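Visitor: I have never read a protein model before. Could you walk me through one, step by step?

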Amino acid sequence: MESQALMVILVPLLGSLLIPLAGWAGLRKATGPMAVLLIGCSHLLTWPLLGPALAGRTGESSIPLYRWIEFSTNIDALAVFMAFTASLIATLIAVYSLGYIEHTEHEPEYYFIVTLFVGAMMGLVFSRNLIFLYMFWEISALACWRLIGYFRDPEYVWKADKAFLITFGGAVFMLLGFALIFTQYGTFDISELRGKEIGTAALVLVMAGIFSKSATVPLHTWLPDAGVAPSTITSLLHAAILVKIGLYAFARLFCNGMVIAPEAQTWLLVLALLSAFVSASAALHETNIKRLLAYSTVSQIGYTFLGLMVFTHFGYIGALLYIMAHGFAKGGLFLCAGIIEHGTHTKDMTKMGGLFRKMPVTGVSYLICALSIAGIPPMAGFFSKYFVINGLVEGGRIAIATLAILTAVVTLLYMLKSFRMVFLGESRGEAHGEGSPVMVGVVAVLAVLTLASGFLLQLPYDLVKVADGQRLVNIVSLLWR
Amino acid sequence: MNNEILLLFGCGLLLMMLGVYLLVLYRNLIRLIIGVEVVAKGVTLIFLAAGLFRQDIAFIQSLIVTFIIVETVLAAVMLALVVGVHRIYGSLDIRLLSKLKG
Amino acid sequence: MLLWVLLGLLVLLTVGACVFRDLLYVAVSLALVSAVLAGILFHYGANIAGVFELSVCAGLITVLFVSTVGMTKDSDQGDETRMGRGFIPLVLLVFIGLDVLILRWLGSALPSIVPGAGSGSFQNVFWNLRSADILGQVVLILAGVFGISALFRLKVKEKKHE
Amino acid sequence: MESYIGWILLVPPIAVLLMPWASRLGGWAANTLAIVAAGLPLVFTLRLIPALGGGLTYELFGAHFALDSVSLLFLVVVNAVAFACMVYATSYVAHLGGRGKFFALLLIMVFGLNAMLLTRDLFSLYLFLEVASIASYVLVAFGLEQDGIESAVKYLLLSAVATSLVLVGILLVYMTAGTLEFAALGAALAGTGGPVPGLLLLAAALFIAGFGLKAAVMPFHAWLPDAHPSAPAPISAMLSGVVIKVAGIYALVRIFFGILPEIGEVRTVFLILGTLSMIAGAVLAYFQSDFKRMLAYSSISQIGYILIGLGLGNLLGLVGALFHVFNHALFKSLLFLNSGAVQYRLGTRDIEQMGGLETRMPVTGATSVFGTLSIAGVPPFNGFWSKLFIIMGALAAGQTAIATLAILVSLFTLGYFLIIQRKVFFGHLNEKWRDIREAPAAMSLAVILLAAACLLTGVFFHSVTRGIVEPAAVILMGGN
């Protein structure tokens, strides 16, 4: 089990180094399939982990390096769930990239960084040492820097720098927070920190890192700006990897690890709710399709945080399901946006319209994913949203639960608005037909996954249930029961 | 004896101060090099004072000889640089050397 | 008494090197400073150091200075000082005052003379005890030779490297 | 094994003597001789690592030299960077002329630095410092261009004053202890117990000012932002990567951790000067538009980190500081060599005129990303680990404010290096440079070597820290 997890990390991480070599060796064409192969392998390697994880087995391994720095892994249901979901979406996105990124200038670099990115995510998911958690965190940040600036326009590069600086800045403060934790408890090992109470200063610093990565108000501004990246990348950032890192870190550090004081918990809940609501309102006014989807992500992240921060069974289960449901749906939406952008050469929704006839598959997929995000049954999004709100009620946060439902209504509004503006009504600009078969196929697969994960909710639910069982039912949640 | 040593030491310090003052006062490169040389003379005196204090003239002589060689090579290189500056500017006024202002 | 005379002369000549307008005079007074310094070295029995000081500093460096002054004669001297030479006596007085203060502190801080073990003859020290310095000197002179030849080499024509 | 020490010392000067003859044979002969002469000391140094044990001594023509872990760490740094710079110089020097003289002076500089590290006598330390310095003055002016000569003059004048102060300090130490040898000095000065004698306090102040100027610590930094950018690129790399460390930091470390007895104030001074340099260097770097000048200010900032690590007074801080010496040598020389490659092809150092160069110069572009991420302390590159150790050391010493500032400055560092990336390498290609080619093979090889070293020391940081950094730090702690 341990060596399996190590392979999941190392295959994309080390394998990515081969891609630029292939690029220099003149095998430009081979770089795409190589990336798909590596990421796909990484995904397939998570399958054998599912069985033991469902059976509730956990594993740990550790390679001591220097003093308190050890490369240690931790394999439990939460980690396997995250690795499985993220690598699945990443594989689909990599396949989509084959059609999307084909004719751009820096193809080998693209595939190299994407693979590295996935490797960093896998490493982060399985890390048990805070220093290595931080290290993979930063690798993902630098990957996102190169990818956001992929098209090299001065404005894009500036936005890439902004994203890098904000996430790096948040992360170095998080590192300082880790260091403070170390001075208090003398360890960087997450499992040794279980049940220890975290000091206020350290909490603020660590949350600065988590919020900057997961684009929570007020550290969210880089995420809508990151829409200048290729659609595959925005999809990767929003659905599979980047913003999920903060959520995962919160789940790992605070739901499974250290204890937060009750007052701090209230503050965090309010911040998450604010983030969900404010960005939903912002999305309502947005006409750039990628920015709209980005604000929607900020809003959904806030929602997921609500589920995590309430520290109840339903909240936790809901949040993890939310990560998966949002991953499939938002991945699909951004890839749809990519097809639309390819076809219409614009991101401005006011210049679109009536695309449904020209892109039927894309349209249906978009609708399914949008409804899932908005929380309409029987899509997976509905169940996860329901669980989160149930969790909030379970934790006694009635007011917050009410406002969360209001946010869900706003979400439905802007999602339907975007669908209407893009696909219904009269055609306003020139538009070609569907995208390439590979691209449309991937989008359809994601839509099917969105639907399927709703109908077959039992499968992920079982795994998440195990994860909840392994969670430390910590003092705060006991207080609120 | 102690007083003599102090006197030599003090004289050396005085020469060093004067040399540094020369560096601050003048704008002509050759004069700046004279300043460095004056500092070096002061250091030589302090060498002598230290040797007398430890009553080991043979030892300190050896150091002084080495120091004189350092000083000479340094002066030669400095003067070569000055000739280089003169080739470029036709002047030795450091106000022309933007980097040496202030 | 002799020491007082020599040191007085030394300071006087140094001040001379500060104030003379003509660079040649400055070079000559620097040479004289070296000569007096050599005298002081002789006075304390540091004969070989004195010979070096006299031949190298008073001789060689002065020659270098004079030739540099000659090579750069055509340069305009302009307004050389930042604040005028009038301040020099004043500055000298301030420095002497400072010096006296430092010396008084030093006099109290300095323990009385400790008779050292003595290192034997100069030859022994120079060739045996401090042979690392000889290696250093050799390379130093090499550095000087290569350095000066590098600085006086002909500059290559500007080329574009595109 | 001990004889390797002798060869490390002797190979460069022998090559210098052969150089005029070799350059008469032709450029290829001079290149080969220079690379061999720079490579052999590196090989010998690396061979010495496993054999070191508690330390080695060697007698060369009756002169005593000794090697311990501290010297070894710095020796590795000097010779590795010197080798890369020499490889780079073989093709860079073409547009300067005077190939043989350039190599000879660079080798003399390497000799001076190596000898400084191996000698065990305070006055010899000064002498070898002078040897390295004189070579570096000439090398800064080697281009015979206006700003090179100007900066060389400024560098020389300030350095001459600094070394005079150091000499007076050395003489004060001699007056107190009656010897100049490290071991004897340590014994003579350590046993006193009571308050530190006034003479030694004065000497300490003179050493800090003198070597601080050589290390370009903040109030004494004025020469560095001129001298480092104006020099030819391999020399900038040597100066920023190695010379300020050996001539400044190594000398300070040797004196304050090995010879002079514990003077508590020195630690505080290190912390204050270090914090000042770290912040001011980064802020000043932010406002530069000259590629190399920005790098030069960033050197001041990084020296600040090193001083902070030294001033913390715990083992972790020392490990961090010494590891940062090692890392900074690698990534700063890498960045300077990159800037040299850009200047070599473009003929300008103004970053506003560049743009999108990575498409034309892929090796330079890619390796500069390595350098940028290393210096900003982004894992898994090497700069991260040393900064982490310094910050952890600061927290362990109770200096939370300094740790926070160090974190903030690393964010700032990333900020101004992203400016370089954005304006020079990333982004669209400036049409002006459509026909630019990648730098010549030797130059690319040198930067690839250094970039690989940055990544590998980052990934295998534990081998480096355990193998050569921690033993050195332990010696320094024991020397207290």
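Predicted model: local features only at pLDDT ≥ 70, side-chain atom pairs only at ≥ 80, totals over all residues.

Visitor: What is the mean pLDDT of chain A?

Guide: pLDDT is the predictor's confidence in each residue, from 0 to 100. For chain A the mean is 87, and 97% of the residues reach 70 or more. Over residues 474-481 of chain A, pLDDT stays under 50.

Visitor: And how many helices and strands does chain A have?

Guide: Helices (H or I, at least four residues) and strands (E, at least two) are DSSP runs, numbered from the N terminus. Chain A has 20 helices and two strands. Its radius of gyration (taken over C-alpha atoms) is 21 Å, close to the 23 Å that the globule rule gives for 481 residues, so chain A is as compact as a globular protein of that length. That rule is 2.2 Å times the number of residues to the power 0.38.

Visitor: How much area do chain B and chain C bury between them?

Guide: The size of an interface is often given as the accessible area lost when the parts come together. Buried area uses a 1.4 Å probe and is summed over both parts. Here chain B and chain C bury about 7100 Å², 74% of it on carbon and sulfur atoms. Y21(B), R31(B) and F53(B) supply 9% of the area that chain B buries against chain C, more than any other three residues. Counted by contact (heavy atoms within 4.5 Å), 69 residues come from chain B and 86 residues from chain C.

Visitor: Which side chains meet in a salt bridge?

Guide: A salt bridge is a side-chain nitrogen of Lys or Arg within 4 Å of a carboxyl oxygen of Asp or Glu. The count between these two chains is one: K41(B) meets E53(C) at 3.0 Å, N to O.

Visitor: Which element of chain B gives the most to the side that touches chain C?

Guide: α1 (2-25), α2 (29-53) and α3 (57-89) of chain B each supply at least two residues. α3(B) gives the most, with 25 residues.

Definitions and conventions
Residues numbered from 1 in each chain as written. Chains lettered and ligands numbered in written order. Heavy atoms only, no water. Buried area = accessible area lost by both parts, 1.4 Å probe.
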